[in-house]
Amino acid sequence: QFWPLQAAGWLGYIAFSYIVAIGHGKPNDYWKVIVPVAASGFLATSALRYVLRALWRQPAPVFLASAVVPVLLCAAVMGLTSVYCWIAFCGDTPECRPDSVTGYIASMGSYTYVVLSWAGLYFGIKNWRELQAQTQATLQATAMAHQAQLKMLRYQLNPHFLFNTLNAISTLVLDNQNRTANLAVSRLSEFLRYTLDQDPMKKVTLRQELDSLNLYLGIEKLRFGDRLRLEFDVDERAESAL
């Protein structure tokens, strides 16, 4: 977006300067002075952009010290252009241009404020764009974190285990094994409640992990019956370890 803004800014400068010049009694064709000066400003600040962009990440003291000379050079380019245009356009008409060396110096110095204003706008827009980019990145990171939490919850529930358990319960109901089916539903409820109550990012003791494993295996044992045999060999001193 730099070039459209650059062009619009200097066109606005031409319009504003022309209105002010007419208001101070300058000739109607005084735009012949203003347009070349604005064109020189357009070219000089376009080059200044690359210098400032190269200094953008430098510490503030280094940045300010390094930017002084390029800014003054841009102002000098505009000032020299204005002097040349005044002499070529106004000739011996004193009211058309400064009537002394001091007036020329003062007029040339005024372009320093023009370039500084341009630099202020450039940095303001650049800072705003970077802030917008950081905000967008933060929102994307937050959205990714939420997605990761949802995926973690999904993995926590283990959908394949859940589907298999529900199918097993359905089979038990069809086989009129209502007592076993009811017990399976109760154990599944306990397992889901335990799973959802636990913070997946929080460390737990080995004893708590074994309790969770027992809930899971208890449901599996209802499914597989005597085909599933469980044996635990855990040192009591390890049960309290994280």
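This is a predicted model: local features need pLDDT of at least 70, side-chain atom pairs count only at pLDDT 80 or more; totals for chains, interfaces and linings use all residues.
Visitor: What share of the residues count as buried?
Guide: That would be 27% of the 242 residues.

Visitor: And what about contacts between residues 24 or more positions apart, what percentage do they account for?
Guide: They make up 69% of the contacts with a separation of 6 or more.

Visitor: How does the lining of the largest pocket split by class?
Guide: There are 9 nonpolar, 4 polar and 4 charged residues in the lining of the largest pocket.

Visitor: And the second largest pocket, how much space is in there?
Guide: About 380 Å³. The second largest pocket has 16 lining residues, with S17, V20, A21, Y30 and Y111 nearest its centre. Two or more residues of that lining come from each of α1, α2, α3 (60-90) and α4.

Visitor: Which element has the largest share of the lining of the second largest pocket?
Guide: α1 does, with 5 residues. By class, the lining of the second largest pocket divides into 10 nonpolar, 5 polar and 1 charged.

Visitor: Switching to the core. Which residues of the largest nonpolar core touch the most other members?
Guide: Y13, L48, L52, M78, V115, W118 and F123, out of 22 residues in that core. α1, α2, α3 and α4 each give two or more residues to this core.

Visitor: Take Y13, then. What does Y13 touch, not counting residues up to four places away?
Guide: Y13 touches V37, A38, M78, Y111 and V114. M78 is also one of the residues that touch the most other members of the core, and Y111 turns up among those nearest the centre of the second largest pocket.

Visitor: Which residues does the second, separate core include?
Guide: L162, A181, A184 and L188 are among them, and that second core has 10 residues.

Visitor: What does the side chain of Q6 make a polar contact with?
Guide: With the side chain of S46, at 3.0 Å. Leaving aside neighbours within four places in sequence, Q6 is in contact with F42, T45, S46 and W118. W118, by the way, belongs to the largest nonpolar core.

Visitor: And T81, which backbone oxygen does the side chain of T81 reach?
Guide: The one of V77, at 2.7 Å. T81 lies in helix α3. Beyond four places in sequence, T81 is in contact with P36, V37 and S40.

Visitor: Now further along the chain. Where is S170?
Guide: S170 is in helix α5 (residues 159-174), and at 39% relative accessibility S170 is partly exposed. S170 and A181 are 11 residues apart in sequence and 7.8 Å apart in space, C-alpha to C-alpha.

Visitor: What's going on with the phi of N176?
Guide: The phi of N176 is near 60°, a positive value in a residue other than glycine. Most residues other than glycine have a negative phi.

Visitor: Where's N176, and is N176 buried or exposed?
Guide: N176 is in the loop between α5 and α6 (178-197). The relative accessibility of N176 is 64%, over the 50% cut-off, so N176 counts as exposed.

Visitor: Last one, L217. Where does L217 lie?
Guide: L217 lies in helix α7 (residues 206-224) and is buried, with a relative accessible area of 15%.

Visitor: Which residues is L217 in contact with, leaving aside neighbours within four places?
Guide: L228, L230 and F232. As for F191, 26 residues apart from L217 along the chain, the C-alpha atoms of the two are separated by 10.0 Å.

Key: Residues are numbered from 1 along each chain as its sequence is written. Side-chain values use heavy atoms; hydrogens and water are left out. Ala, Val, Leu, Ile, Met, Phe, Trp, Tyr, Cys and Pro count as nonpolar, Asp, Glu, Lys and Arg as charged, and the others, Gly among them, as polar. On a 1 Å grid over the protein atoms alone, a cavity is a set of points where a 1.4 Å probe fits but cannot get out, and a pocket is an open set with protein on both sides within 12 Å along at least five of seven lines; lining residues have an atom within 4 Å of a point. Grid points are joined across faces, edges and corners, and a volume is the space filled by probe spheres set on the points. Helices (H or I, at least four residues) and strands (E, at least two) are DSSP runs, numbered from the N terminus. A nonpolar core is a set of buried Ala, Val, Leu, Ile, Met, Phe, Trp, Tyr and Cys residues joined through side-chain atoms within 4.5 Å. Buried means under 20% relative accessible area, exposed over 50%, partly exposed in between (1.4 Å probe, protein chains only). Contact means heavy atoms within 4.5 Å. A polar contact is a pair of N or O atoms within 3.5 Å; within protein, one must be able to donate a hydrogen and the other to accept it, and residues adjacent in sequence count only if both atoms are side-chain atoms.
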